[in-house]
Amino acid sequence: LVIYTDLDGSLLDHHTYSFAAAEPLLGELAASSIPVVPCTSKTRAELSVFRHRLGNAYPFIIENGSAVYWEAADGSRTAADSERIDTLYRHRFVPAREHWRPILEQLGRDLDGCFTPFSAMQVADVVELTGLSAEEAAAAMQREFGEAVHWRGSDEQLQAFSKALREHGAAVHRGGRFIHVMGPSDKGRALQWLNDHYNDPGGSAPISIAIGDGNNDVPMLEVADYALLIRSPVNPLPAVDRDSGLFVSQEPGPAGWQQGLRDIFAHINFSLGGIVD
Ligand code: 2M8
Ligand code: MG
Ligand code: MG
């Protein structure tokens, strides 16, 4: 069993970025060695701080499925299709962020005043838009693969923007606050790849549970064995296309994360701390 989770608005409160309400269950999962794998819009720089806070050494998926990272010291995974980055291995699905710069510059001229990418912002702008600290905002700005875009135009202009980008081969994902422009991947593709590589070659893939609250989470909520949709305090529930195995939390954020995951465990008769003799 592996749990793949979105952070902002799911494990983390949309406004305060706190996971305190999920700490009891996180403790039980850690004690049972159940992997909790972040699958997020956030960057590698943000995750290195966050994983430390969480005490989590499991693999992680960054920038909406742009790449998967895992500890090189984690002997349970091979280095197939991966490159060494410091103490990590990385498997990437998309081109570098640089690829989108000229395309976004052109679109910026066509759709004058509709959007601002992180690359054109100062740390103080990101602090104001997100409520992150200056250090956290600086880490969010260290994007390797995609561009986070603050949208101010109309929905119609957003359609035109997305269409033009798709014609350039981009994927366009909507997060809680920003539009994410990146190569052709998503959280579902990255989840699938990682889950398929989770065991030693020849072993079967673990059961996957995906947890998310936003449009950018839909691809992973559709490919996982079980899906938990977390209510958002600000956005409507996205449509998830699946016949079964979809759970919706009662509460938003980490309280809903804990309660909804306990509901799934009850449904599949999975008990934490499991084997009592
Ligand atoms: C951005 O990600 C969220 C995810 O829902 C968004 O699009 O609103 C990213 O810039 C991420 O790196 C950052 O930590 C987050 C802060 O709210 O915003
Ligand atoms: Mg989210
Ligand atoms: Mg997210």
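## Magnesium site

Along the chain, the donors of the magnesium ion (ligand 2) are spaced as D-x1-D-x204-D; donors are N, O and S atoms within 2.8 Å of the metal (3.2 Å for Na, K and Ca), and sites may look incomplete because water is not among the atoms. The protein donors are D6 (OD), D8 (O) and D213 (OD), at 2.1 to 2.2 Å from this ion. D6 also bridges the magnesium ion (ligand 2) and the magnesium ion (ligand 3), which are 3.4 Å apart.

## Basis of the model

This is a predicted model, in which local features need pLDDT of at least 70 and side-chain atom pairs pLDDT 80 or more, while totals for chains, interfaces and linings use all residues. Residues are numbered from 1 along each chain as written, chains are lettered from A and ligands numbered from 1 in written order, and side-chain values use heavy atoms, without hydrogens and water.

## Polar contacts and cover

Polar contacts here are pairs of N or O atoms within 3.5 Å. Oxygen atoms of ligand 1 lie 2.4 Å from a polar backbone atom of R177, 3.3 Å from a backbone N or O atom of F178 and 2.6 Å from a polar side-chain atom of H180. The protein covers 98% of the 410 Å² of accessible area that ligand 1 has on its own (Shrake-Rupley method, 1.4 Å probe).

Key: A polar contact is a pair of N or O atoms within 3.5 Å; within protein, one must be able to donate a hydrogen and the other to accept it, and residues adjacent in sequence count only if both atoms are side-chain atoms.
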